[in-house]
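Hi,

Here is the structure I promised to pass on. Have a look at it first, and then read on for what turned up.

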Amino acid sequence: MAIILGIESSCDETSAAICINGEIRSNVIANQLVHQHYGGVVPELASRAHQQNIIPTIQEAISNAKISKNEVDAVAFTRGPGLLGSLLVGTSFAKAFALAKNIPLIEVNHMQAHILAHFIDDPKPAFPFLCLTVSGGHTQIVLVKDYFDMEIVGETLDDAAGEAFDKTAKILGLPYPGGPLIDKYAQEGNPLAFTFPEPQIPGLNYSFSGLKTSILYFLKEQTKQNPHFVEHHLTDICASVQHRIITILLGKLKRAAQEYAIKDIAIAGGVSANSGLRKALQELADSQDWKVYIPKFEYCTDNAAMIAMAGYHKFLKQDFVGQDIAPLARMSF
Ligand code: KG4
Ligand code: ZN
């Protein structure tokens, strides 16, 4: 019997989850709406909100799982990567809880946890598989050889895919985080209405900063001729930008699958909630004879269920850390 408490606080979501013998029994997420007014996450405000949310979130996760806090066998927490002030809140709580209850402490890499979210529900992928991890801070193609044996085979050289969505939304005057809104408007637009350039980056790496610049110039030109251009063409602009982000993402993923001769393909991270990406990946999979793994929406964006699941697999290996552990804003694997 193993009951793991998972804690996530790397960015602007405070989350706690309970995993019992590899099964997620609760997953509570407290969102921070305060950042909407600022067009992005304000680190200082995020830390303060985590401080306020962490105890009620953990209490709710424990009560939803119908256990008592005394039954928890180990506590797993996000060590990094993320905002340091935010990570400190989850890390400090996890350390204090483990010390008070005299139970093991487990560090979890947030990006690995996004991938391990695929082990929450069936069907679970078989090793080795390739995972396209697309979030607000990262864009990586990862060769997953085992639970904690992962190799980044391609990644962005500048902006992440989520940033490309969020920055486009900001340019269009949409609130933060703009990714889900672009997704919503894109569903009513024509993805071929406007053409944005595809970056020419060698190998399996990505670049998204040029896309932002080309959108800025395009809109500047268009609004010179028609000041209401954005208003009148919002759905078509969103659909066209989203289409370009998806073709960039899937182009390199297809190449990676060919290079590594792997047909088990997964996506993970906040941007994997994008309906256009999910649909396009499924279509590509059908044409390439891939087996694809697309997480449930609740496990795409930041959540503690994935931290508890990663923690469970480390618990099985008795992979624990001491009380001298500190969070890391940058953390590779
Ligand atoms: O994984 P995540 O929740 O946090 C990080 O670890 O960064 O990812 C957040 C990112 C944001 O950039 C957000 O705009 C994007 O995921 N996102 C989406 C959608 N839902 C979330 N982007 C496009 N379409 C969506 N439906
Ligand atoms: Zn994330």
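Before the first item, a quick definition: a pocket here is an open set of grid points with protein on both sides within 12 Å along at least five of seven lines, and a volume is the space filled by probe spheres set on the points. Keep in mind that this is a predicted model.

**The second largest pocket**

With that in hand, the second largest pocket comes out at about 330 Å³. Its lining is made up of 16 residues. If you want to find the middle of this pocket on screen, click on Pro191, His243, Ile246, Gly276 and Ala280, which lie nearest its centre. Which helix gives the most to the lining? That's H7, with seven residues. Helix H7 covers 229-260, and helix H8 (275-288) also supplies at least two residues of the lining. Sorted by class, the lining has eight polar, six nonpolar and two charged residues.

**The zinc ion**

Next, find the zinc ion (ligand 2). Which residues coordinate it? They are His110 and His114, each through NE2, and Asp302 through OD, at 2.0 to 2.1 Å. Along the chain, these donors follow the spacing H-x3-H-x187-D. The pair His114 and Asp302 links distant parts of the chain, as they are 188 residues apart. His114 belongs to helix H3 (residues 110-116), while Asp302 is in the loop between strand S10 (291-293) and helix H9 (305-316). Are His114 and Asp302 buried or exposed? Both are buried.

**The five-stranded sheet**

There is also an open sheet of five strands, in the order S3-S2-S1-S4-S5, and its pairing is mixed. As background, strands of a sheet pair through backbone hydrogen bonds, either parallel or antiparallel. Strand S3 (23-31) and strand S5 (105-109) are at the edges with a single partner strand each, so one side of each has no neighbour in the sheet. From one strand to the next, the twist averages 20 degrees. Start at Thr78, whose bridge partner in S5 is Val108.

**One last residue**

Finally, go to Asp324, in the segment after H9. Its relative accessible area is 70%; exposed means over 50%, so Asp324 counts as exposed.

Note on methods: Residues are numbered from 1 along each chain as its sequence is written. Chains are lettered from A and ligands numbered from 1 in the order in which they are written. This is a predicted model: local features need pLDDT of at least 70, side-chain atom pairs count only at pLDDT 80 or more; totals for chains, interfaces and linings use all residues. Side-chain values use heavy atoms; hydrogens and water are left out. On a 1 Å grid over the protein atoms alone, a cavity is a set of points where a 1.4 Å probe fits but cannot get out, and a pocket is an open set with protein on both sides within 12 Å along at least five of seven lines; lining residues have an atom within 4 Å of a point. Helices (H or I, at least four residues) and strands (E, at least two) are DSSP runs, numbered from the N terminus. Ala, Val, Leu, Ile, Met, Phe, Trp, Tyr, Cys and Pro count as nonpolar, Asp, Glu, Lys and Arg as charged, and the others, Gly among them, as polar. Donors are N, O and S atoms within 2.8 Å of the metal (3.2 Å for Na, K and Ca); water is not among the atoms, so sites may look incomplete. Buried means under 20% relative accessible area, exposed over 50%, partly exposed in between (1.4 Å probe, protein chains only). Two strands pair if DSSP finds at least two bridges between them. Axes are lines fitted to C-alpha atoms, for helices over the stretch in contact, and angles run from 0 to 180 degrees between N-to-C directions.
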